[in-house]
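Subject: Structure for you to look through

Hello,

I am handing over the structure we spoke about, together with some notes on what I found in it.

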Amino acid sequence: MGIYSTQHIPEYPRRDVMGLLDKKIAQFPRPPRISIQLPAHHQTTPFAMSPNDKNTLVIDFRWLGYAARLRALPDFSTPYKKAGSEAEGLARLINGLRKIAPDCPVDVVAHRLGARVAILAVRIARSKMWRNLLLTNAFEYSARTLVALDCPMGRHLNFHNIITHQNNITSLFFDRFGPKPGPADRAICFGYKFAHSNWSEVLDTDLAATRLLLAMGANTFALTAPHRNPVVNIFGRSLSKV
């Protein structure tokens with residue numbers, strides 16, 4: 001199910017997002033696991049709408065800054081700021097799911113700047129049903145991640161960080177030219193600086209990374225996987241045909 005940031009839902013008063021989600025969840029024979037995915041751009045791997053577990057509802061959270069991508073490279077300040085402003089919308093979605101689907105566990109998978117959206121949402125969300133946050137090639141910094149980890153929601157979550165290789169050019173640009181909170185800080189796409197018991201890391205080339213993605217409802221074959229899971233855009237289009 002495709003959703004644009006709930007931060008902007010008032011612009012569409014006839015679109016009752018939580019009502020649509022409630023109806024979609026009711027179609028499952030038992031309370032489904034909900035996988036909220038924040039890609040960096042439409043059809044960016046590792047995102048696909050056909051998870052192995054058929055009792056999973058995928059929500060494609062289309063935060064409104066994602067389309068900016070890396071057009072301003074090497075100046076990341078504008079898309080980075082946009083990503084931060086979308087955290088409230090993601091947190092609102094997760095908090096809303098707590099009310100309409102209290103028996104549905106929630107996992108979030110976030111890629112590149114989508115990871116910044118998710119990390120900042122940790123400080124606002126209030127739902128024990130949110131269990132896991134999986135980050136892939138995450139464009140956020142260690143100091144700001146530390147703040148999320150040390151808040152009540154952050155201590156409850158399991159964080160899984162799939163890190164990239166040192167020769168990833170885009171990630172190197174972000175690490176070098178992005179809006180760091182301090183000169184010694186580093187992007188967590190290359191690894192997180194501070195040890196926490198609920199934080200784990202694996203290289204993106206490791207088989208364990210693929211297993212993590214599949215376990216969270218994502219898929220490493222986003223451009224070729226058949227779209228069998230019920231994924232519907234709230235604006236009336238099938239996302240599998242976009």
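In which helix does Glu88 lie? Glu88 lies in helix H3, residues 87–100, where helices (H or I, at least four residues) and strands (E, at least two) are DSSP runs, numbered from the N terminus. At 41% relative accessibility, Glu88 counts as partly exposed, because buried means under 20% relative accessible area and exposed over 50%, with partly exposed in between (1.4 Å probe, protein chains only). Between the C-alpha atoms of Glu88 and Ala118 there are 9.5 Å, while along the chain these two are 30 residues apart.

Before going further, please keep in mind that this is a predicted model, in which local features need pLDDT of at least 70 and side-chain atom pairs count only at pLDDT 80 or more, whereas totals for chains, interfaces and linings use all residues. Residues are numbered from 1 along each chain as its sequence is written, and side-chain values use heavy atoms, with hydrogens and water left out.

Phe159 is found in strand S6, residues 158–163, and is buried, with a relative accessible area of 1%. Leaving aside residues up to four places away in sequence, Phe159 touches several others, including Val122, Leu133 and Trp199; contact here means heavy atoms within 4.5 Å. Phe159 and Ser197 are 38 residues apart in sequence, and their C-alpha atoms are 9.4 Å apart in space.

Asn161 also lies in strand S6 and counts as buried, at 0% relative accessibility. Its side chain reaches the backbone oxygen of Ile188 at 2.9 Å, and a polar contact of 3.1 Å joins the side chains of Asn161 and Glu201. A polar contact is a pair of N or O atoms within 3.5 Å; within protein, one must be able to donate a hydrogen and the other to accept it, and residues adjacent in sequence count only if both atoms are side-chain atoms.

Now to the aromatic rings. The structure holds 10 aromatic pairs, and rings of Phe, Tyr and Trp (its six-membered ring) pair if their centres lie within 6.5 Å, with planes under 30 degrees apart counted as stacked, over 60 as edge-to-face and the rest as tilted. Phe76 lies in the loop between strand S3 (56–62) and helix H2 (77–85) and Phe174 in helix H7 (residues 169–177), so the pair ties together parts that are 98 residues apart in sequence. Phe76 is buried at a relative accessible area of 2%, and Phe174 is buried too, at 0%. Ring pairs also link Phe76, Tyr80, Phe139, Tyr141 and Phe174 into a cluster.

Finally, there is a pair of helices. Helix H4 (residues 113–122) and helix H5 (residues 142–149) pack at an angle of about 35°, with their axes 8 Å apart; the axes are lines fitted to C-alpha atoms, for helices over the stretch in contact, and angles run from 0 to 180 degrees between N-to-C directions. The contact is made by Arg116, Ile119 and Val122 of H4 and by Arg144, Thr145 and Ala148 of H5. H4 is mostly covered, with 10 of its 10 residues buried.

Best wishes
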